[in-house]
Amino acid sequence: MINVLEHLCDEYDVFMFDLDRTVFDTYTKKGEPIWAKQMIQPFTHFNEGRVSDDCESICYLQPGIDVVLNYLKSNDKQIGFISRGGVLDVEYENQPSILLLKMFGIYEYFSFKKIMLYKTDVKAIHLSEIGKCVFFDDMDKDLNEAKKIDGIKTFDRKGFDYWEDLL
């Protein structure tokens, strides 16, 4: 079986991740999908993979993402994120996505670019400034725009079942 990440690490030094529906998944108490930015503080950390908010919405860390991040870090790769999960007029440290990454214990893996965008911002502009990298996302529009940029290798999060499938 091929280790996809090993081959990517041979060619790329920078790995960029979307957050919502790529690193974590968030649902209302009725099980309807929402964005992490819709969660209401205070947050309660139930275990390593689950955080609940004041309205009983739950954010789940995608299984195996921590293993992938650890693999990349142990191979001295630069890891960043680019997310349109930013809430206007909320300081970076208090953004729901940032708080969730910290509660899941994976924020420290992201030592490269940490880009929080508003819902109408274009990821491709920022990706073109980064240059050669691997970009993981679940949104077809963002993936298609990124594919047009020289040096960017895209991965559709919907294209594989488990993060461990890349190992």
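Trainee: Is Gln 95 buried or exposed?

Mentor: Burial is read from relative accessible area: buried means under 20%, exposed over 50%, and partly exposed in between, with a 1.4 Å probe and protein chains only. Gln 95 has a relative accessible area of 5% and is therefore buried. Please note that this is a predicted model, in which local features need pLDDT of at least 70, side-chain atom pairs count only at pLDDT 80 or more, and totals for chains, interfaces and linings use all residues. Residues are numbered from 1 along each chain as its sequence is written, and side-chain values use heavy atoms, with hydrogens and water left out.

Trainee: Where is Gln 95 placed, and which residues is Gln 95 in contact with?

Mentor: Helices (H or I, at least four residues) and strands (E, at least two) are DSSP runs, numbered from the N terminus. Gln 95 belongs to the loop between S7 and H3. Contact means heavy atoms within 4.5 Å. Leaving aside neighbours within four places in sequence, Gln 95 is in contact with Gly 85, Gly 86, Val 87, Val 90 and Met 116. Met 116 is 21 residues from Gln 95 along the chain, and the C-alpha atoms of the two are separated by 8.7 Å.

Trainee: How many aromatic pairs does the structure hold?

Mentor: Rings of Phe, Tyr and Trp (its six-membered ring) pair if their centres lie within 6.5 Å; planes under 30 degrees apart count as stacked, over 60 as edge-to-face and the rest as tilted. The structure holds nine such pairs. In one of them, the ring centres of Phe 17 and Phe 136 are 4.8 Å apart and the planes stand at 15°, so the pair is stacked. Phe 17 lies in strand S1 and Phe 136 in strand S9, so this pair ties together parts 119 residues apart in sequence. Phe 17 counts as buried at 0% relative accessibility, and Phe 136 is likewise buried at 0%.

Trainee: Which residues form one aromatic cluster with Phe 17 and Phe 136?

Mentor: The cluster also includes Phe 81, Phe 110, Phe 155, Phe 160 and Trp 163.

Trainee: Which charged residues sit over rings?

Mentor: A charge sits over a ring if NZ of Lys or CZ of Arg is within 6 Å of the ring centre and within 35 degrees of the ring normal. Arg 21 lies over the face of Trp 35, at 3.9 Å from the ring centre. The charged end of Lys 102 is placed over the ring of Tyr 107, 4.9 Å from its centre.
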